[in-house]
Amino acid sequence: MASSSALEKGDRPHLLAPLRHLGALGFALFWMLAASGIYLYIRFDTSVAGAYDSIGELEWWFGGVLRSLHRYAADAFVAVVALHLVRELLAGRFRGFRAFSWISGVPLVWLMYASGIVGTWLVWDARAQFS
(Lines give C-alpha, C1' and ligand atoms only; values in the text may rest on other atoms or scores of the structure.)
Protein backbone atom coordinates (compact mmCIF):
# COMPACT_ATOMS: atom_id res chain seq x y z
CA MET A 1 0.00 0.00 0.00
CA ALA A 2 1.50 3.32 -1.08
CA SER A 3 1.67 6.15 1.39
CA SER A 4 0.60 9.63 0.33
CA SER A 5 2.72 11.46 2.87
CA ALA A 6 5.68 13.35 1.39
CA LEU A 7 7.71 12.89 4.56
CA GLU A 8 7.42 9.12 4.40
CA LYS A 9 8.56 9.08 0.77
CA GLY A 10 11.73 10.93 1.66
CA ASP A 11 10.75 14.05 -0.27
CA ARG A 12 11.05 17.41 1.43
CA PRO A 13 7.73 19.19 1.65
CA HIS A 14 7.59 22.64 0.10
CA LEU A 15 6.99 24.33 3.43
CA LEU A 16 10.26 23.05 4.83
CA ALA A 17 12.29 24.34 1.88
CA PRO A 18 12.17 28.16 2.11
CA LEU A 19 14.90 28.57 -0.51
CA ARG A 20 12.44 27.34 -3.12
CA HIS A 21 10.29 30.42 -2.51
CA LEU A 22 12.90 33.15 -2.91
CA GLY A 23 11.53 34.26 -6.28
CA ALA A 24 7.99 34.57 -4.93
CA LEU A 25 9.22 36.34 -1.81
CA GLY A 26 11.19 38.79 -3.95
CA PHE A 27 8.11 39.39 -6.10
CA ALA A 28 5.97 40.13 -3.03
CA LEU A 29 8.62 42.45 -1.57
CA PHE A 30 8.86 44.29 -4.90
CA TRP A 31 5.15 45.09 -4.88
CA MET A 32 5.32 46.08 -1.21
CA LEU A 33 8.14 48.48 -2.13
CA ALA A 34 6.22 49.80 -5.13
CA ALA A 35 3.05 50.51 -3.12
CA SER A 36 4.82 52.14 -0.18
CA GLY A 37 7.18 54.01 -2.51
CA ILE A 38 4.33 55.52 -4.51
CA TYR A 39 2.65 56.76 -1.34
CA LEU A 40 5.89 58.19 0.02
CA TYR A 41 6.69 59.85 -3.30
CA ILE A 42 3.27 61.52 -3.41
CA ARG A 43 3.83 62.99 0.07
CA PHE A 44 7.49 63.90 -0.58
CA ASP A 45 8.82 67.30 -1.70
CA THR A 46 11.61 66.64 -4.19
CA SER A 47 13.10 70.13 -4.15
CA VAL A 48 16.55 70.57 -2.65
CA ALA A 49 15.24 73.11 -0.12
CA GLY A 50 12.23 71.10 1.00
CA ALA A 51 13.36 67.47 0.82
CA TYR A 52 14.61 67.13 4.39
CA ASP A 53 11.67 69.06 5.87
CA SER A 54 9.08 67.02 3.98
CA ILE A 55 10.27 63.86 5.73
CA GLY A 56 9.29 65.39 9.06
CA GLU A 57 5.93 66.48 7.67
CA LEU A 58 4.77 62.97 6.86
CA GLU A 59 1.83 61.86 8.97
CA TRP A 60 3.09 61.05 12.40
CA TRP A 61 1.94 57.45 12.72
CA PHE A 62 1.08 56.11 9.26
CA GLY A 63 3.89 57.91 7.44
CA GLY A 64 6.48 56.77 9.95
CA VAL A 65 5.29 53.17 9.85
CA LEU A 66 5.15 53.19 6.07
CA ARG A 67 8.61 54.72 5.78
CA SER A 68 10.01 52.05 8.11
CA LEU A 69 8.18 49.34 6.19
CA HIS A 70 9.65 50.69 2.95
CA ARG A 71 13.18 50.70 4.33
CA TYR A 72 13.04 47.21 5.84
CA ALA A 73 11.33 45.80 2.74
CA ALA A 74 14.12 47.31 0.61
CA ASP A 75 16.78 45.69 2.78
CA ALA A 76 14.97 42.35 2.66
CA PHE A 77 14.47 42.69 -1.11
CA VAL A 78 18.20 43.11 -1.70
CA ALA A 79 19.01 40.11 0.50
CA VAL A 80 16.34 37.89 -1.08
CA VAL A 81 17.36 38.82 -4.64
CA ALA A 82 21.02 38.14 -3.83
CA LEU A 83 20.16 34.74 -2.31
CA HIS A 84 17.93 33.92 -5.27
CA LEU A 85 20.68 34.87 -7.72
CA VAL A 86 23.28 32.74 -5.91
CA ARG A 87 20.91 29.77 -5.60
CA GLU A 88 20.02 29.81 -9.29
CA LEU A 89 23.67 30.27 -10.27
CA LEU A 90 24.84 27.34 -8.13
CA ALA A 91 22.04 25.15 -9.44
CA GLY A 92 23.16 25.86 -13.01
CA ARG A 93 19.86 27.37 -14.09
CA PHE A 94 21.30 29.85 -16.56
CA ARG A 95 21.55 27.71 -19.68
CA GLY A 96 19.04 26.82 -22.34
CA PHE A 97 15.64 28.42 -22.24
CA ARG A 98 16.48 30.20 -18.97
CA ALA A 99 19.22 32.28 -20.60
CA PHE A 100 16.73 35.05 -21.39
CA SER A 101 15.85 35.29 -17.70
CA TRP A 102 19.53 35.91 -16.96
CA ILE A 103 19.89 38.39 -19.80
CA SER A 104 16.98 40.41 -18.43
CA GLY A 105 17.48 39.66 -14.72
CA VAL A 106 21.11 40.62 -14.23
CA PRO A 107 20.57 44.20 -15.50
CA LEU A 108 17.60 44.40 -13.14
CA VAL A 109 19.99 43.71 -10.25
CA TRP A 110 21.99 46.78 -11.31
CA LEU A 111 18.75 48.77 -11.59
CA MET A 112 17.86 47.66 -8.05
CA TYR A 113 21.28 48.84 -6.85
CA ALA A 114 20.91 52.20 -8.61
CA SER A 115 17.41 52.75 -7.22
CA GLY A 116 18.73 52.10 -3.71
CA ILE A 117 21.33 54.83 -4.19
CA VAL A 118 18.75 57.26 -5.56
CA GLY A 119 16.40 56.43 -2.68
CA THR A 120 19.17 57.32 -0.23
CA TRP A 121 19.87 60.59 -2.04
CA LEU A 122 16.20 61.66 -2.08
CA VAL A 123 16.11 62.33 1.65
CA TRP A 124 19.01 64.82 1.24
CA ASP A 125 20.33 64.52 4.77
CA ALA A 126 23.95 64.20 5.89
CA ARG A 127 24.03 60.48 5.09
CA ALA A 128 22.77 61.10 1.56
CA GLN A 129 25.13 63.98 0.88
CA PHE A 130 28.22 61.98 1.77
CA SER A 131 27.27 58.66 0.20
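Helices are DSSP runs of H or I with at least four residues, numbered from the N terminus, and the expected span of a helix is 1.5 Å times one less than its number of residues. The structure discussed here is a predicted model, in which local features need pLDDT of at least 70 and side-chain atom pairs count only at pLDDT 80 or more, while totals for chains, interfaces and linings use all residues. Residues are numbered from 1 along each chain as its sequence is written, and side-chain values use heavy atoms, with hydrogens and water left out.

Helix α5 comprises 25 residues, 99-123. From first C-alpha to last, α5 reaches 38 Å, close to the expected 36 Å. Its buried residues (under 20% relative accessible area, 1.4 Å probe, protein chains only) are W102, M112 and V123. The cover over these buried residues includes α3 (51-56) and α4 (62-90).

M112 also belongs to the largest nonpolar core, together with L22, L29, L33, A73, F77, V80 and V81, 8 residues in all. Such a core is a set of buried Ala, Val, Leu, Ile, Met, Phe, Trp, Tyr and Cys residues joined through side-chain atoms within 4.5 Å. Two or more residues each come from α2 (22-42) and α4, and α4 gives the largest share, 4 residues. Leaving aside residues up to four places away in sequence, V81 touches V109 and M112, where contact means heavy atoms within 4.5 Å.

Helix α3 contains S54, which counts as buried because its relative accessibility is 5%. The side chain of S54 reaches the backbone nitrogen of D45 at 3.3 Å. Not counting residues up to four places away in sequence, S54 touches F44 and D45.

Methods
Buried means under 20% relative accessible area, exposed over 50%, partly exposed in between (1.4 Å probe, protein chains only). A polar contact is a pair of N or O atoms within 3.5 Å; within protein, one must be able to donate a hydrogen and the other to accept it, and residues adjacent in sequence count only if both atoms are side-chain atoms.
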